[in-house]
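Student: Please take one residue in this model and look at it closely. Then place it in the wider fold, giving the cut-off behind each term you use.

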Amino acid sequence: MSKFDKIIGYKLCMGCGLCESLGKEKGYKLSLKPNGFYSVDVPESSMRDTRLEAKLASCCPSVSISGVGDSNIWGHNVGVYNTYSTDSNIRYKASSGGFVTSTCIYLLEKGLVNGVLHVGLVDGSPIENKLKASFTKEEIINNCSSRYAPALVFSEIKQILDLDNKKYVFVGKSCDILCLNNFIKEYPNYKDRIYCTICIFCAGMPSYNASIKIADSFKNTQGISRYQYRGNGWPGDFTIIYDDSSCNIKTYEDAWMNYLGKDIHYRCKVCPDSVGTIADISVCDSWVYENGKISFADRPGVSCVLLRSSKSKVIFDSMLSDTYIEADLMEESMLNYVQPNHVRKRLSSGYKLAFVNFTTGRLFNLKDLSLIRLCAQYNILRGIKEALGAKQRLNNWLSK
């Protein structure tokens, strides 16, 4: 069995869409499965292209995973900051402080990029997500805010890049940036088309089914015009907006803890780089603690930003001097308290991947992830327990 077939057989396809972009003319297509995630459909045997499939397997971010060889939990950085947009409307509308939105606008207005590649709603759909190319400030703002559901991030990437010679900033999860990097390694003619990458910390990709369960919990039979996951405050409510402009809401905490976080793609559970060490800039919520735990009370949004390259530092300093953002230097050690779940994910991922890689016949190609050095910072008994749990969850995943 080929590596490509094994990825599909173990249900590890995360539905990024690259197979469709590169194999569209030969019948490779993404479709939404009953489990609420996208996965690739292959053409009839006579139409399959084994050479293309080998390339797709080498690009696949689910199993071809590379890092930067840094055993620091948070990855290499040249500065960590708490920051937010100076535009109060952007700060309110965006998911956490508006830093990402303001950065994209800055790069566009200064002529450093021609457009922004980021995820937004499919036109005419209340819930489906895909890659959007935004070329104006208004388009960027319209596509801001998190989308906690699958997205066809790369189903048209080659087609978009082949239209012209525009240069872009790319915004996505770590696995999205990994896919982009893998794609560029296979097709280096696109290398100069991406000016920089911005990664959003990721706790996992929930299924569409999770969002629909929230909508069903309201028992409202009206037509839904939009699923709004966050924004309009920090952290912002999960909001179902109906055709008559009425809405129902759940708090961010309720939506994530009781619905979205309970239906995550399996690959996310063994992710070795949820903090985006491979990006130029990584961004997360700078959660506030009250009485020893994270407070989700509504307040003005604040992003925690990790600058990972010299280019990102130049961009950040210029944004500060041009008053696009406000920022305060932050001790890196504070990230352990601001984002504690990512500490466990990073340090335990090597244990989990070792067991799963063995189970799948060494399906994963892991490079420069410093997994052994990260594992050495974790309790070995707890690591083995989590690895056994990951193996059992894979069995459960395959039985669905």
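Tutor: Start with S174, which is buried at a relative accessible area of 7%; buried means under 20%, exposed over 50% and partly exposed in between, with a 1.4 Å probe and protein chains only. The model is predicted, so local features need pLDDT of at least 70 and side-chain atom pairs count only at pLDDT 80 or more, while totals for chains, interfaces and linings use all residues. Residues are numbered from 1 along each chain as its sequence is written, and side-chain values use heavy atoms, with hydrogens and water left out.

S174 lies in helix 8, which covers residues 174-186. Helices here are DSSP runs of H or I with at least four residues, strands are runs of E with at least two, and both are numbered from the N terminus. Leaving aside residues up to four places away in sequence, S174 touches C199, I200, D273, G276 and I278; a contact means heavy atoms within 4.5 Å.

In helix 3 (residues 50-59), the buried residues are L52, E53, L56, A57 and C59. Seen down the helix axis, these fall within an arc of 160 degrees, so they line one face of helix 3; the arc is that of the directions from the axis to the C-beta atoms. T50 and R51, on the other side of helix 3, are exposed.

Helix 5 (residues 99-109) is mostly covered, with ten of its eleven residues buried. Among them are F99, Y106 and L108. G111 follows helix 5 and has a positive phi, near 75 degrees.

Now the whole protein. It holds 16 helices and 17 strands. Its radius of gyration is 20 Å, close to the 21 Å that the globule rule gives for 400 residues, so the protein is as compact as a globular protein of that length. That radius is taken over C-alpha atoms, and the rule is 2.2 Å times the number of residues to the power 0.38. The C-alpha trace spans about 55 × 50 × 50 Å along its principal axes. Of the 400 residues, 55% count as buried. Among contacts with a separation of 6 or more, 73% join residues 24 or more positions apart.
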